[in-house]
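User: I would like to learn how to read the features of a protein model. May we work through one together?

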Amino acid sequence: MDQAIANPALAGHNRPRNPGVPLAPDWFESVCVNASAVERRAATLTTRRSVKKEYQAAWLVKAMTCIDLTTLAGDDTPGRVRRLCAKARRPLSDELLAALDVADLGLTVAAVCVYPTMVAPAVRALEGSGIPVASVATGFPAGLTPLKQRLEEIRYAASEGAREIDIVITRAYVLGRDWSALYDEVAAMREACGRAHLKAILGTGDLKTLRNVYAASMVAMQAGADFIKTSTGKEDVNATLPVSLVMIRALRDYRERAGVDIGFKPAGGLRTTKDALAWLILMKEELGLPWMQPDLFRIGASGLLTDIERQLDHYATGRYSAAHRHPMA
């Protein structure tokens, strides 16, 4: 197994913050997106590259280390969060780690993502592991509570120990093309985060056009977002490869203009190893190996880990195990 796979929690927060730049509409206002070309490119990603056997197993282990293991249910409890954190610390069984010859790598998921009220139990459960706690905030998932309240929610989550904050933008600003309002909102949220990294959730399923997706991505990065994220997971349409391709082209363009590397996080609907491999292929094809690491790439998911475990178990033993043998919490 690839020895380059290492514990993501030990290095994920060494990357400098995005300082942002002044709002520059000329970076995106004139950009047009050819939807047909985007869809053709996205459709060929998984047909042009095939990952099989031990290489597929290595890629799946890599995908596991990029997961933001998430629980955002209305019936979340401190006990459920503690069990999820135990899974985050030890995502694979000792037998499977030994069979894959990766027992000495200290593998974990990238982060645990919870609601603000569950941050403190998660921080206690992850103490000493190096795994950061991420918290959704800002009136998740709609993001339509008053700005003052949303900023206080960010400060609360950060004060409880969250090292990453997944904020929700106001989609109405994008639909109305009010870029100054969107920029000011994200900039205020970045300031409220303090030292915590900010992931800007665009809610791409609500943005209607790929041109809007590109513009929203660019404004969020200009305002200081450290990651751009596709979805809350609550929209009718969540992460898709065409939308992800447009967002990745935006962060590539931002890198060329501002000289800063921004992370990317697809979320919502990623449940199978096929999904994990598709998005890893996207990152490899468009951005290269640096964006296949957890400091620049995250997958927002929970059930995905179970399918990765089952596929790795099949690789190691030749047999598929039942899903109930891989409980999440």
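Predicted model: local features only at pLDDT ≥ 70, side-chain atom pairs only at ≥ 80, totals over all residues.

User: Is C193 buried or exposed?

Analyst: Buried means under 20% relative accessible area. C193 has a relative accessibility of 2%, so C193 counts as buried.

User: How should I read a sheet?

Analyst: In general, the strands of a sheet pair through backbone hydrogen bonds, and the pairing is either parallel or antiparallel. Here, eight strands form an open sheet in the order 7-6-5-4-3-2-1-8, with parallel pairing. Strand 7 and strand 8 (299-301) are the edge strands, each pairing on one side only. From one strand to the next, the twist averages 25°.

User: Over how many bridges do strand 2 and strand 3 pair?

Analyst: Strand 2 (residues 111-114) and strand 3 (residues 133-136) are joined in the parallel sense over three bridges. Within this pair, V114 stands opposite S135 in strand 3.

User: Now to a helix: what span does helix 10 reach?

Analyst: One compares the span with the value expected at 1.5 Å a residue. Helix 10 (residues 241-258) has 18 residues, and the distance from its first C-alpha to its last is 25 Å, close to the expected 26 Å. At its start, a side-chain oxygen of T240 comes to within 3.3 Å of the backbone nitrogen of V243. After the helix comes G259, whose phi is positive, near 75°.

User: Which residues of helix 10 are buried, and what covers them?

Analyst: The buried residues include L245, V246, A250 and Y254. Among the elements that cover the buried residues of helix 10 are helix 1 (35-48), helix 9 (210-222) and helix 11 (273-286), together with strand 6 (227-229) and strand 7 (263-265).

User: Why does M218 count as buried?

Analyst: M218 is found in helix 9. M218 counts as buried because its relative accessibility is 0%. Leaving aside neighbours within four places in sequence, M218 is in contact with W27, F28, A250, D253 and Y254.

Terms used:
Residues numbered from 1 in each chain as written. Heavy atoms only, no water. Helix = DSSP H or I, 4+ residues; strand = E, 2+ residues; numbered from the N terminus. Expected span 1.5 Å × (residues − 1). Buried < 20%, exposed > 50% of the residue type's maximum accessible area, 1.4 Å probe, protein only. Contact = heavy atoms within 4.5 Å. Polar contact = N/O pair within 3.5 Å; in protein donor to acceptor, adjacent residues only side chain to side chain. Pairing = 2+ DSSP bridges. Axes fitted to C-alpha atoms, helices over the stretch in contact; angles between N-to-C directions.
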